Amino acid sequence: MTVVGGVLMLTGAALTVIAAVGVLRFPDALSRLHAAAKAAPAGIALVMVGAGATLGPGRFGFTVLVALFHVLTAPVAAHALGRAVRPDPGSEIPIPPPAALSRGARIAGLAAVWVLLWGDFTVASLAGGVVAGTAVGLLTTRPDTEPLRIRPGAALRFIAVFLALMVRSTLVVAAAALGPARLVAPAIHRIRVGPGSTPALVAAANAVSLTPGALTLAVDPMERTLTVHLIRPDERELEAVVRLHALTAAALPGAPVTEERTT
Amino acid sequence: MTAVTTITLGLLAAAIGISLGAALRGPTSTDRMLAVDLLLVALSGGLAAAAAFTGRVALLPVVLSVSLVAFVGTVVVGRTLERERRR
């Protein structure tokens with residue numbers, strides 16, 4: 001067993017236990033979601049990467065994919081549960097047209113996932129990936145999708161800030177889970193963010209759920225607001241929400257949603 | 001069994017036990033579902049760690065399946081609970 005893999009798995013397992021303690025100790029369902037949506041995916045991602053490092057390069061891609069899956073799906077799952085318990089159910093918000101990468105980029109991405117799942121880069125695995133990627137790409141194409149453009153430099157800057165904030169938020173949740181009860185003083189804030197495209201707003205909403213001590217409850221693309229549940233509100237966390245959105249808006253350029261374009 | 005193996009698997013087992021307790025306690029369906037979600041997430045981590053410690057790579061597809069069930073199940077239950085509340 002490699003030392004790095006062992007250390008990563010130990011750290012991740014400890015974070016997962018802290019998340020479970022948070023779920024047991026926090027006073028209400030929305031606060032408990034913070035523990036389940038932040039500390040748990042961070043912990044499990046570390047366990048996965050550690051396991052991959054131990055199993056060797058052939059399996060590393062697979063475990064990194066699973067780790068990525070946990071990090072990407074945790075805010076979506078938390079949002080689905082958060083909507084069920086948020087105090088104000090809210091009105092029906094118009095759904096803006098969906099955005100998607102170009103077909104070629106999607107097929108290439110799906111083929112890469114396929115090859116990583118197999119764990120070996122051969123002509124056969126690559127061909128299988130292209131066939132599966134094309135099939136999925138054709139089946140999931142909607143006629144009304146907007147093209148999704150990504151600025152690589154800005155995207156990298158977002159990912160760097162995102163990872164730093166994720167470490168901080170995990171520490172905040174861990175301190176709240178293990179520390180005195182006064183560290184949990186939940187409140188709901190409606191935060192207005194700057195201009196940006198709809199994909200940027202969606203990306204920010206999901207990133208917010210993973211990073212500062214906040215959890216997105218509602219997104220309003222017309223008013224450009226994010227309704228967030230904060231585990232312990234302070235100025236820094238409110239600023240972090242606006243800052244995260246500014247970074248995703250730079251990474252995902254596009255026109256903001258308008259009345260006519262909603263369906 | 002090295003110390004790292006024992007502690008890692010012990011911690012993940014503790015996380016599964018605690019989330020099982022939280023799922024039994026509730027009190028609302030949302031609390032139970034988020035605890036079950038955490039249980040499955042911790043289980044997928046435990047299976048991955050077990051695969052790493054024993055070298056049984058056949059466990060890895062199980063890790064992926066448990067992760068998928070955790071996510072899809074949580075979203076479906078969340079949406080159902082929301083729809084029931086709106087009625």
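The model is predicted. Helix α1 (residues 3-25) of chain A and α2(B) pack at an angle of about 165 degrees, and α1(A) and α2(B) are therefore roughly antiparallel to each other. Their axes lie 11 Å apart, and α1(A) passes α2(B) in a left-handed crossing. On the side of α1(A), the contact is made by A:Met9, A:Thr16, A:Ala19, A:Ala20 and A:Val23. On the side of α2(B), the residues are B:Leu34, B:Ala35, B:Leu38, B:Ala42, B:Ala49, B:Ala52 and B:Phe53. By class, this contact of α1(A) with α2(B) has 11 nonpolar residues, 1 polar and no charged.

**Packing within chain B**

Helix α2 of chain B, which spans residues 29-54, also packs against helix α1 (residues 3-25) of chain B. The angle is again about 165 degrees, so α1(B) and α2(B) are roughly antiparallel to each other. α1(B) passes α2(B) in a left-handed crossing. The contact of α1(B) with α2(B) divides into 18 nonpolar, 5 polar and 2 charged residues.

| Helix pair | Angle between axes | Distance between axes |
|---|---|---|
| α1(B) and α2(B) | about 165 degrees | 8 Å |
| α1(A) and α2(B) | about 165 degrees | 11 Å |

**The interface of the chains**

The size of an interface is often given as the accessible area lost when the parts come together. Chain B and chain A bury about 3,800 Å² between them, and 78% of this area is on carbon and sulfur atoms. The contact takes 46 residues from chain B and 43 residues from chain A. Which residues of chain B lose the most area to chain A? They are B:Leu34, B:Leu38 and B:Arg85, which together account for 16% of what that side buries.

**The salt bridge**

How many salt bridges does a search of the whole structure find? Over all chains there is 1, and across the interface of chain B and chain A the rule likewise finds 1. B:Asp31 forms a salt bridge with A:Arg32, and the closest N and O atoms are 2.3 Å apart. B:Asp31 lies in helix α2 of chain B and A:Arg32 in helix α2 (residues 29-55) of chain A, so the pair joins two chains.

Methods:
Residues numbered from 1 in each chain as written. Chains lettered and ligands numbered in written order. Predicted model: local features only at pLDDT ≥ 70, side-chain atom pairs only at ≥ 80, totals over all residues. Heavy atoms only, no water. Axes fitted to C-alpha atoms, helices over the stretch in contact; angles between N-to-C directions. Helix = DSSP H or I, 4+ residues; strand = E, 2+ residues; numbered from the N terminus. Parallel < 35°, antiparallel > 145°, perpendicular 65-115°, else oblique. Left-handed = near helix turned anticlockwise from the far one by under 90°. Nonpolar A, V, L, I, M, F, W, Y, C, P; charged D, E, K, R; others polar. Contact = heavy atoms within 4.5 Å. Buried area = accessible area lost by both parts, 1.4 Å probe. Salt bridge = Lys/Arg side-chain N within 4 Å of Asp/Glu carboxyl O.
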